[in-house]
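The sequence and structure are shown first.

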Amino acid sequence: MAESSTQDFDAIVVGAGQAGPSLAVRLAQAGKRVAIVERKLVGGTCVNTGCMPTKTLVASARVARQVARASEYGVEVGSPGPFRLPVAMARAHAVTDKARTGNETWLGNTEGVELIRGHARFVSRDTLTVDGRRIRAPQIFLNVGGRAAIPDFPGVEDIQYLTNVSILQLETLPRHLAIVGGSYIGLEFAQMFRRFGSEVTVIERQPYLLPREDADICDAIRQMLQAEGITVRTSANCIALKPHAEGISARVDCTEGAPDILASHVLLATGRRPNTDDLGLDAAGIRVNDRGYIEVDDTLATNVPGIWALGDCNGRGAFTHTAYNDFEIVAANLLDGDSRRLSQRVPGYALYVDPPLGRVGMNEAQARQAGHDVLVSVRPMSRVGRATEMGETTGMMKLIADAKTRLILGAAILGIGGDEAIHGVLDMMSSGRTVDDLRWAVPIHPTVSELWPTVALGLRPLG
């Protein structure tokens, strides 16, 4: 197609992550002609380099751990052989490939949707180029996701580091994996590779892991990881990297312990950045904040009429489920005559260490800072019958409520099934129910969820 010709659509979706394909299909079902543009892999981070492959590997790591503990349950398995990383990676890639192919087939079979491969850039408010092809629409939806942020540590350009993407291509097990970054991505890979058989060191600049969590949760997770043989180096405020004859030398300069470690591999897990720097946003007049995230209002609309931003690129959620909820909000408002708002969303997420951490709403520190008259209740998993029966007593359940309104402000469960059991509280919060409603629920026995009424009953004022 000549450069000067422009093809018109009713809507253009840029990015085929979690929000993009569902939105493209909904728009097409409403009778619109839709172009969805993807420059890399359909399915985005979750399908290709995030949730699906990593949680498949987490499952492999859990099996390895259970085999190691088999004798505790009366099962003798003999001496297990070495962990076969290529087999586990092949299984993860198979799960990813199936999901990606399914998405591609879904889009390809939807009448009114055209999947365009290539890199989209704005040339004006309503027009983009995709590798020389010009397309135009009155409605444009950006779902371009994010990528690993590479810190400017001294020596980082001199080493061959891993990211959350490249680590999924490993075929041999690292002898010693150093992970720079003690947050969600870093800790999942830390436990995973430790259970695979690698020596693992987590390096974190802050004095604690997981800065978004309360201190008691952070401490419990640190103790859990250290009990599995993972070295945790916090307050690493002078990180530097350099090649070494035996791998990579990492200076950590912590308050205690050796100032340097020698690793065979280094994973950088220091955060994410949005894929907004090469879209030509200036040509459309789209505003971004100082971190590159596209600014949106409570309906996901940008400052430019007719353009919306969904998913990781808007900085209003960094999860698959929040990206999908962005789609639900936009589709409901544009196609169903609703008036849904981003501010109605109750935030929830999980950390997929084993046992997992499920979180919803505010933590204790946030509730205090927000000025609530706070009630809090904590119950160790060692007092949860289901956890005891399963031999999985690590962790705790924690509930936070407002003393005046009795509304639930937030909850956390670090423990077996925590990523599932948290939904009971999430649903209560989403429907505006109180802790008294939670207290009178009759959950199934024996489950982890049955303790929520008891935890609610134990709410006490914070000191």
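## Basis of the description

A residue is called buried when its relative accessible area is under 20%, exposed when it is over 50%, and partly exposed in between. The model is predicted. With a relative accessible area of 13%, Arg 69 therefore falls in the buried class.

## Salt bridges and their network

In total, 26 salt bridges are counted in the model. Arg 69 pairs with Glu 72 through one of them, at 3.0 Å from N to O.

Arg 62 belongs to helix 3 (residues 51-68) and Glu 392 to the loop between helix 10 (385-390) and strand 22 (396-402), so the contact ties together parts that are 330 residues apart in sequence. Arg 62 is partly exposed at 25% relative accessible area, while Glu 392 is buried at 10%. Both pairs take part in a salt-bridge network that links Arg 62, Arg 69, Glu 72, Arg 195, Glu 228, Asp 354 and Glu 392.

Asp 97 and Arg 100 form a salt bridge in which the closest N and O atoms are 2.7 Å apart. Both residues lie in helix 4 (residues 85-108), where a spacing of three residues corresponds to about one turn of the helix. Asp 97 is partly exposed, with a relative accessible area of 35%; Arg 100, at 16%, counts as buried.

## Cis peptide bonds

Asp 354, a member of the salt-bridge network, is joined to Pro 355 by a cis peptide bond with omega of about 0 degrees. Pro 355 is located in the loop between strand 19 (348-351) and strand 20 (357-361).

Another cis peptide bond joins His 445 and Pro 446, with omega of about -5 degrees. Pro 446 occupies the loop between helix 12 (435-439) and helix 13 (452-457).

## Positive phi outside glycine

Asp 131 is a residue other than glycine with a positive phi, near 50 degrees. Asp 131 sits in the loop between strand 6 (127-130) and strand 7 (133-136) and is exposed, with a relative accessible area of 59%.

Arg 406, likewise not a glycine, has a positive phi of about 65 degrees. Its position is in the loop between strand 22 and strand 23 (408-414), and Arg 406 counts as partly exposed at 27% relative accessibility.

Methods
Residues numbered from 1 in each chain as written. Predicted model: local features only at pLDDT ≥ 70, side-chain atom pairs only at ≥ 80, totals over all residues. Heavy atoms only, no water. Salt bridge = Lys/Arg side-chain N within 4 Å of Asp/Glu carboxyl O. Helix = DSSP H or I, 4+ residues; strand = E, 2+ residues; numbered from the N terminus. Buried < 20%, exposed > 50% of the residue type's maximum accessible area, 1.4 Å probe, protein only.
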